[in-house]
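This briefing is about a predicted model. Have the structure open while reading the points below.

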Amino acid sequence: MNYPNVMLWSDACFFSPYVMSVFVALSEKGVPFSLQRVDLASQQHLQPAYGEISLTRRVPTLQIDDFLLSESSAIAEYLEERFPAPEYERLYPRDIEKRAKARELQAWLRSDFMPLRQERPTEVLFANEKFAPLSEAGEAAARKLFDGVGQLLKTGQQNLFGEWSIADTDLAVMINRLALHGDEVPQQIADYAYFQWQRASVQLWLSESSKTAC
């Protein structure tokens with residue numbers, strides 16, 4: 001099979017959950033790709049050279065031949081259409097309503113839960129760091145997260161929609177900000193996040209992250 005040239009532009013530390021989402025998506029699709037690191041600490045992403053690559057001057061950016069695209073959820077939807085099933089693995093559920101719910105969840109995770117992102121940064125996920133107890137705002141955000149997951153996750157179900165989707169990985173990232181930190185997480189939700197964390201594509205990302213010295 002002839003594959004296009006695919007490049008994923010990542011943060012240098014491999015700490016970005018949004019880069020992780022695209023890395024997992026590409027790995028699930030089975031599309032060969034290479035990685036290019038962008039040093040956010042030195043503001044490399046704000047330099048004109050990267051501005052010619054990324055419209056948003058953020059990571060991730062996907063490059064397929066001469067086509068460039070930023071924003072992780074947009075990239076996932078593009079990959080689903082660019083490398084469609086059944087030849088490639090699905091990133092989103094087969095059912096149209098379930099696909100819509102998966103995208104709703106992705107949008108929610110990216111636009112909300114700021115207290116959790118601030119108080120449980122990705123250093124928890126990828127560097128095993130510990131932080132102060134959650135603030136009232138953090139605890140409220142955690143409760144809102146658990147309430148939402150409880151509406152989606154059926155008892156005994158390992159994936160949200162009866163089959164894996166990229167939304168499962170994105171949700172596990174948010175849950176594991178708490179679970180891997182040792183915060184109190186309902187057992188069913190913690191078990192769900194643990195199961196998602198064992199997926200081969202996620203483990204590949206964790207292996208890449210562990211190689212960095214950030």
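Strands S3 and S4 form a hairpin, with two residues between them. Asp-65 lies in the turn and has a positive phi of about 55°.

**Strand pairing**
- S3 (residues 61–64) and S4 (residues 67–70) pair in the antiparallel sense over four bridges.
- Within this pairing, Leu-62 stands opposite Leu-69 in S4.
- S3 also pairs with strand S1, residues 6–11, in the antiparallel sense over four bridges.
- Here Met-7 stands opposite Gln-63 in S3.
- In a regular strand, side chains alternate between the two faces of the sheet.

**Helix H3**
- Which residues of helix H3 are buried? In this helix, which spans residues 72–82, they are Ser-72, Ile-75, Ala-76, Leu-79 and Glu-80.
- Seen down the axis of H3, these buried residues fall within an arc of 140°, so they line one face of the helix.
- The cover over the buried residues of H3 includes strands S3 and S4, together with helix H1 (17–29) and helix H4 (96–111).

**Nonpolar core**
- The largest nonpolar core has 61 residues.
- Helix H8, residues 166–179, supplies the largest share of this core, with eight residues.
- Leu-79 is among the residues with the most contacts inside the core, along with Leu-116, Leu-145, Leu-171, Ile-175 and Trp-197.
- Leaving aside neighbours within four places in sequence, Leu-79 is in contact with Ala-25, Leu-26, Lys-29, Leu-62, Ile-64 and Leu-91.

Note on methods. Residues numbered from 1 in each chain as written. Predicted model: local features only at pLDDT ≥ 70, side-chain atom pairs only at ≥ 80, totals over all residues. Heavy atoms only, no water. Buried < 20%, exposed > 50% of the residue type's maximum accessible area, 1.4 Å probe, protein only. Arc of directions from axis to C-beta. Contact = heavy atoms within 4.5 Å. Pairing = 2+ DSSP bridges. Core = buried A, V, L, I, M, F, W, Y, C linked by side-chain atoms within 4.5 Å.
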